[in-house]
Amino acid sequence: MKVELSGSELIEVKPEDLWRAIIDPEVLKKCIPGCEDVIAVSHEEYSMKLNLKVGAVGGSFEGKIKLSNLEPPNKCTLDVSGSGSLGTGSGIAKINISKNNELNSMIEYESLGEVGGLVAGVGQRILYGVAKHLIKKFFSEIKNHFLNDK
C-alpha cells in the first residue's frame, strides 16, 4: 500500500538549531513516537528500533535511515526502510528548513512510502490517520525539546 504525506510546521528556533536536532540520534530517540533506540551507523546513516501500534495491530520494527542530498541547514532527503512484526516499510522524504524570521523556522516535508504485511491490512484510512498522529506527536516533541533546552 502506498502512503503519501506532506506538510509543514513552524518551530520557534533558528534553522541551524533545528537542523542539528533532527540529525541528532539522542534527540530523535526522544522525539520519534515509539522509538526505543537510534544509533548512528555513520554520519549519514542511522539504525533504529520502534515499538508501535497501528490501529489494533502492535509490534516492533527495526529499520535504517539514510540521509542524502545534504545541504545543511536547509535540505536533506531521508531514505527509510525496515521490517518487523508489523510488516515492512520503505520510503523517501524530502525535508526543507527555511528561516521564517529571526527566531522561527519552517520545516516542510514531502514523503512517499510503501508498507506491506499486517500494517497494510488495517486499511488506508486508518493508516493515514495513525501516520498523521505520529507526525504531529514528533513535531510536538521537537518543540518540547527546544522549550526544555532554554
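Asn 69 is placed in strand E4. Helices (H or I, at least four residues) and strands (E, at least two) are DSSP runs, numbered from the N terminus. The model is a predicted one, in which local features need pLDDT of at least 70, side-chain atom pairs count only at pLDDT 80 or more, and totals for chains, interfaces and linings use all residues. Residues are numbered from 1 along each chain as its sequence is written, and side-chain values use heavy atoms, with hydrogens and water left out.

The backbone of Asn 69 has a positive phi, near 50°, in a residue other than glycine. Most residues other than glycine have a negative phi, and most peptide bonds are trans. Asn 69 counts as exposed, because its relative accessibility is 55%. A cis peptide bond is found between Pro 72 and Pro 73, with omega about -5°. Pro 73 sits in the loop between strand E4 (57-71) and strand E5 (75-84).

Strand E1 (residues 2-11) contains Ser 6. The relative accessible area of Ser 6 is 55%, so this residue is exposed. Contact means heavy atoms within 4.5 Å. Residues up to four places away in sequence aside, Ser 6 touches Tyr 109 and Glu 110. Ser 6 and Glu 110 are 104 residues apart along the chain, yet their C-alpha atoms are separated by 4.3 Å.

Asn 104 belongs to the loop between strand E6 (87-99) and strand E7 (105-116). Its relative accessible area is 14%, so Asn 104 is buried. Beyond its neighbours within four places in sequence, Asn 104 is in contact with Leu 10, Ile 11, Glu 12, Val 13, Ser 98 and Lys 99.

Helix H3 has 26 residues (residues 124-149). The expected span of a helix is 1.5 Å times one less than its number of residues. The buried residues of H3 include Leu 127, Val 130, Ala 131 and Ile 142. An α-helix has 3.6 residues a turn, so residues three or four places apart point the same way.

Two aromatic pairs occur in the structure. In one of them, the ring centres of Phe 138 and Phe 139 are 5.4 Å apart and the planes lie at 65°, so the pair is edge-to-face. Rings of Phe, Tyr and Trp (its six-membered ring) pair if their centres lie within 6.5 Å; planes under 30 degrees apart count as stacked, over 60 as edge-to-face and the rest as tilted. Phe 138 is buried, because its relative accessible area is 16%. Phe 139 is buried too, at 7% relative accessibility. Tyr 109, Phe 138 and Phe 139 are linked by ring pairs into a cluster.

Helix H1 (residues 15-22) packs with H3 at an angle of about 115°, and the axes are 12 Å apart. Axes are lines fitted to C-alpha atoms, for helices over the stretch in contact, and angles run from 0 to 180 degrees between N-to-C directions. From H1, the contact uses Asp 17, Leu 18, Ala 21 and Ile 22; from H3, Ile 142, His 145 and Phe 146. By class, five of these residues are nonpolar, one is polar and one is charged. Ala, Val, Leu, Ile, Met, Phe, Trp, Tyr, Cys and Pro count as nonpolar, Asp, Glu, Lys and Arg as charged, and the others, Gly among them, as polar.

His 145 lies in H3 and is buried, with a relative accessible area of 14%. Neighbours within four places in sequence aside, His 145 is in contact with Ala 21, Val 27, Lys 30 and Cys 31.

Leu 134 also lies in H3. At 23% relative accessibility, Leu 134 is partly exposed. Residues up to four places away in sequence aside, Leu 134 touches Pro 33 and Leu 52. Leu 52 is placed in strand E3 (residues 45-54). Leu 52 is buried, because its relative accessible area is 17%. With the same exclusion, the residues touched by Leu 52 include Val 57, Leu 86 and Leu 134.

Key. Buried < 20%, exposed > 50% of the residue type's maximum accessible area, 1.4 Å probe, protein only.
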